[in-house]
Amino acid sequence: MTAAQTLRDIHLDVIPRTEAERARVETVTAPPEDISGAWPFEENSGGAQTVRPRDTSDAFSQPAANLTFEQELDFRVGNGMFRRIWVSAPASTIASDGLGPLYNARSCQRCHLKDGRGHPPEGPQDTAVSMFLRLSIPAPDSEEIEHYIAGTHATAPEPTYGTQLQDFSLPGHAPEYRLHIEYEDVEVPLSGGETATLRRPSYTAADLGYGPLHPDTMLSPRVAPQMIGMGLLEAIPTEDILAWSDPQDINGDGISGNPQIVWSALHDRPMLGRFGHKAGNPSVLEQTASAFVGDIGISNPIHTAGSGECTDVQTDCTAALDGSDAEQVGLDLVTFYSQTLAVPARRGVDDPEVLRGREVFFGSGCASCHRPNYVTHRLAGNDPASFQLIWPYSDMLLHDMGEGLSDNRPEGRASGGEWRTAPLWGIGLTETVAGHTYFLHDGRARSLLEAVLWHGGEAKAARDNVVEMPPTDRAALIRFLESL
């Protein structure tokens, strides 16, 4: 039995492709013979879900263009729940109580402002509301871990603080910590006499509220990712993702690509990890449920603990009054909203500099990980993600990004240096939506060029090509990325 057969897309109601459809998919996803101009359909990044690009902060907050009237109503209700401000129990607003006692934000929207990406604190007066630290310790014996999957790095929650640190708390409870970041400037010489300045961060969990961390604690900073196109990424056939995996680098191109395999709490079986910076969740539903309990402290049908992410050591926290949870209907509505946030259309696909930048992107090796396109599963019913040609520019696999980007904290089958290839669609609208240009898993890069220059490991050859290319090509590459 192949890995694709074992890792069935059980989260979807799939209609198997016919041989004619397979041939059609192979044709439509292949680069055209003439690559000098715009490629067929590449302007519609999200297929039939694509919406026109907006020059406002609402550019990522539009419903998919192919929703039915009833589905758009569900989208609007889900949006209301996504924006809901949760309060502590007991409260007169019974449907909204249950916050905390420890939390990172009071709503989904507070982290994913305008459905865009988060950012690190921009100074001592700024909070880390869209950023936190994940944590774990090495597990003593992998065989003792429930649902251990072969190849998984054995880790366990930090005994006192759990799996992530919360920097806010209800009255009467101490927050777990305060995020402290220091940066060191790193100068990078570029061709043509240009230079770039990177900032290397170091992270400290300061003002710990419940005693010291375990001496073997591993920390990993994470900013909230953008939300668009998640339902389309979820609908990519597992077999199409695995087709790009090359763990032993058999083709000798220096690129491996490993699938993240995680245990699904919902389906009680291994599944392909797709969501999160290290692809730690297999579906939008499970990603949403994890965020409810970890970020807001709201229990739900998948994570039922009323005290959120409090540990047994935090006795006042676990004994606190429990309020409402996110019931299945609410969890489903927020999930549907997250699945159907539309991807904006490409801009300037015929622009000569954009076309040159695309040529540089492929010629430099960037597309070895940032795979341009897929066709999603054909799905039963009126699923808006069904059989769409999409352009996320990601292979959805784990890659070793080198020591510079390593957090030295493994997660599942991802080593401390491995990260899921981030989808690039919409990246050029980051400043329009979020008001900043911070990139990478911890927001250390202040521009797209800085993000490229942090690439190492399997991406080092592509990064060196960017360093050494003529400045005009480097500018064209950035212009191409901004068009996505």
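A disulfide is here a pair of cysteine sulfur atoms within 2.5 Å. The legends below describe a predicted model, in which local features need pLDDT of at least 70 and side-chain atom pairs count only at pLDDT 80 or more, while totals for chains, interfaces and linings use all residues. Residues are numbered from 1 along each chain as its sequence is written, and side-chain values use heavy atoms, with hydrogens and water left out.

View 1. The structure holds one disulfide. It joins Cys-310 and Cys-317, with 1.6 Å between the sulfur atoms. Both Cys-310 and Cys-317 are buried (buried means under 20% relative accessible area, exposed over 50%, and partly exposed in between, with a 1.4 Å probe and protein chains only). Cys-369 counts as buried at 10% relative accessibility. For Cys-111, the closest cysteine sulfur is in Cys-108, at 8.1 Å, also too far for a bond. Cys-111 is buried, its relative accessible area being 10%.

View 2. Helix H2 spans residues 19-29, and its buried residues are Glu-21, Val-25 and Thr-29. Seen down the axis of H2, these buried residues fall within an arc of 55 degrees, so they line one face of the helix (the arc is that of the directions from the helix axis to the C-beta atoms). Helices (H or I, at least four residues) and strands (E, at least two) are DSSP runs numbered from the N terminus. On the other side of H2, the exposed residues are Glu-19, Ala-20, Arg-24, Glu-26 and Thr-27. Cover for the buried residues of H2 includes strands S11 (374-375), S12 (378-379) and S13 (389-390).

View 3. Most residues other than glycine have a negative phi, and most peptide bonds are trans. Gly-100 and Pro-101 are joined by a cis peptide bond, with omega about 10 degrees. Pro-101 sits in the loop between helix H3 (69-83) and strand S2 (102-103). Lys-114 has a positive phi near 55 degrees and lies in the loop between helix H4 (108-111) and strand S3 (131-138). Lys-114 is partly exposed, at 24% relative accessibility. Tyr-393 has a positive phi of about 55 degrees; its place is the loop between S13 and strand S14 (398-400). Tyr-393 is buried, at 1% relative accessibility.

**View 4. Surroundings of Gln-49.** Gln-49 belongs to the loop between H2 and H3 and is buried, with a relative accessible area of 1%. Gln-49 and Ala-65 are 16 residues apart in sequence, yet their C-alpha atoms are 4.6 Å apart. Leaving aside neighbours within four places in sequence, the contacts of Gln-49 include Ala-64, Asn-66, Leu-232, Gln-339 and Gln-388 (contact means heavy atoms within 4.5 Å).

**View 5. Lining of the second largest pocket.** The lining consists of 22 residues, of which His-11, Leu-12, Glu-234, Gln-339 and Asp-383 lie nearest the centre of the pocket. On a 1 Å grid over the protein atoms alone, a pocket is an open set of points where a 1.4 Å probe fits, with protein on both sides within 12 Å along at least five of seven lines; lining residues have an atom within 4 Å of a point. Helices H5 (230-234) and H9 (328-339) each supply at least two lining residues. H9 gives the largest share, four residues.
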